[in-house]
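Good morning, and thank you for the time on today's agenda.

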Amino acid sequence: MLDPKDFTAQIAKDCEELYEYHENSVKEFMDSNPNNEQFVQYFTNRMINERINCTEISRRVANLDINTPAEDMFLLSKQAWDEAKHFRMVKEIVEFYKGSEVDVEAAMKASREREKQGGDIRPATLLEKFEASEDPLSIAVYQYIAEGMAARNWAMQAKTSSEDFVRSRYEEIAKDEKFHSNIGKRSLEQLIEDPDTQVRARKIADEVINLLWNIGCIAQHVPTHAMQDLQA
Ligand SMILES: [Fe+2]
Ligand SMILES: [Fe+2]
């Protein structure tokens, strides 16, 4: 059995290829010189995702067991607050490119519609399996890996944007996502105290990594043409 810190370090290493792939997808989109309309669509997807993140994390806060350590409750509530902040920031970015106020309800409806047609911006499978899971180990592994990926993506978003307005916001979002990933890492290291749990965590990690490679999730981050290439 590995030391818990070595175990999480090993998982981070195994995620590297996945993270680089997604990072490159963000860079590819930014390098393609999108027009305003494409930026509006792209950031609207990001905005809806942050909105859903806030709702999901808040639901977890609401359902915390009464014996949850106060520190854990504090960290999860901070995460919910961060996601609300991200939603506001990305909404400002959408409006920056759009030049007018965004109709969040209509954007959410359109996103749900795409979800039904299989073009989900946030695969239901991921939500059901990991975020809404009752299993603390699944939640910790998912949080560590998925938020780690978000941190890398949004750092790349900040790096490749030519607009200060976008860059400054995404620098802050990336920093927060890294913090969220570390919340997952912290819980994971606390949970994997015995060999059996470690074996189970490893299996969950492989499943999460596989799912994040899968097309539905890639759709969260990459431009349409790249998605079509992958579907072909
Ligand atoms: Fe976020
Ligand atoms: Fe997050």
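This is a predicted model: local features need pLDDT of at least 70, side-chain atom pairs count only at pLDDT 80 or more; totals for chains, interfaces and linings use all residues.

Asn33 sits in the loop between helix H1, residues 4-31, and H2. Its backbone deserves a remark: Asn33 is not a glycine, yet its phi is positive, at about 50°. Most residues other than glycine have a negative phi.

From that loop, let us turn to the chain as a whole. How many helices and strands does the protein chain have? There are 10 helices and 0 strands. Read from the N terminus, the order of elements is therefore α-α-α-α-α-α-α-α-α-α. The protein chain has 232 residues, of which 36% count as buried. Among contacts in the protein chain with a separation of 6 or more, 76% are accounted for by residues 24 or more positions apart.

I now come to two helix pairs. The crossing in which H3 passes H7 is left-handed. On the H3 side, the contact is made by Leu75, Gln79, Asp82, His86, Met89, Ile93 and Phe96. On the H7 side, it is made by Phe165, Val166, Arg169, Ile173, Asp176, His180 and Ile183. Sorted by class, this contact of H3 with H7 has 8 nonpolar, 3 polar and 3 charged residues.

The second pair is helix H2, residues 36-62, and helix H4, residues 104-116. Here the axes come within 10 Å and cross at roughly 90°, which makes H2 roughly perpendicular to H4. Thr44, Met47 and Ile48 of H2 meet Ala107, Met108 and Ser111 of H4 in this contact. By class, the contact of H2 with H4 has 4 nonpolar residues, 2 polar residues and no charged ones.

Next, the interior. In soluble globular proteins, nonpolar side chains tend to be buried together. The largest nonpolar core in this model has 44 residues, and those touching the most other members are Phe43, Val141, Ile145 and Val208. Which elements give two or more residues to this core? They are H1, H2, H3, helix H6 (136-160), H7 and helix H8 (195-213). H6 supplies the largest share, 12 residues. As for Phe43, leaving aside residues up to four places away in sequence, Phe43 touches Val90, Ile93, Val94 and Tyr97. Of these, Ile93 also belongs to the contact of H3 with H7.

Finally, let us consider Ser138, which lies in helix H6. Is Ser138 buried, exposed or partly exposed? With 19 other C-beta atoms within 10 Å, Ser138 is partly exposed, because a buried residue needs 20 or more. Again not counting residues up to four places away in sequence, Ser138 touches Phe130, Ser133 and Ile204. Ser138 and Gly184 are 46 residues apart in sequence, and their C-alpha atoms are 9.9 Å apart in space.

Thank you for your attention.

Key. Residues are numbered from 1 along each chain as its sequence is written. Chains are lettered from A and ligands numbered from 1 in the order in which they are written. A crossing is left-handed if the near helix is turned anticlockwise from the far one by less than a right angle, and right-handed if clockwise. Helices (H or I, at least four residues) and strands (E, at least two) are DSSP runs, numbered from the N terminus. Two residues are in contact if their C-beta atoms, placed from the backbone, lie within 7 Å. Ala, Val, Leu, Ile, Met, Phe, Trp, Tyr, Cys and Pro count as nonpolar, Asp, Glu, Lys and Arg as charged, and the others, Gly among them, as polar. Axes are lines fitted to C-alpha atoms, for helices over the stretch in contact, and angles run from 0 to 180 degrees between N-to-C directions. Angles under 35 degrees count as roughly parallel, over 145 as roughly antiparallel, 65 to 115 as roughly perpendicular and the rest as oblique. A residue is buried if 20 or more other C-beta atoms lie within 10 Å of its own, exposed if 12 or fewer, and partly exposed in between; C-beta atoms are placed from the backbone. A nonpolar core is a set of buried Ala, Val, Leu, Ile, Met, Phe, Trp, Tyr and Cys residues joined through C-beta atoms within 7 Å.
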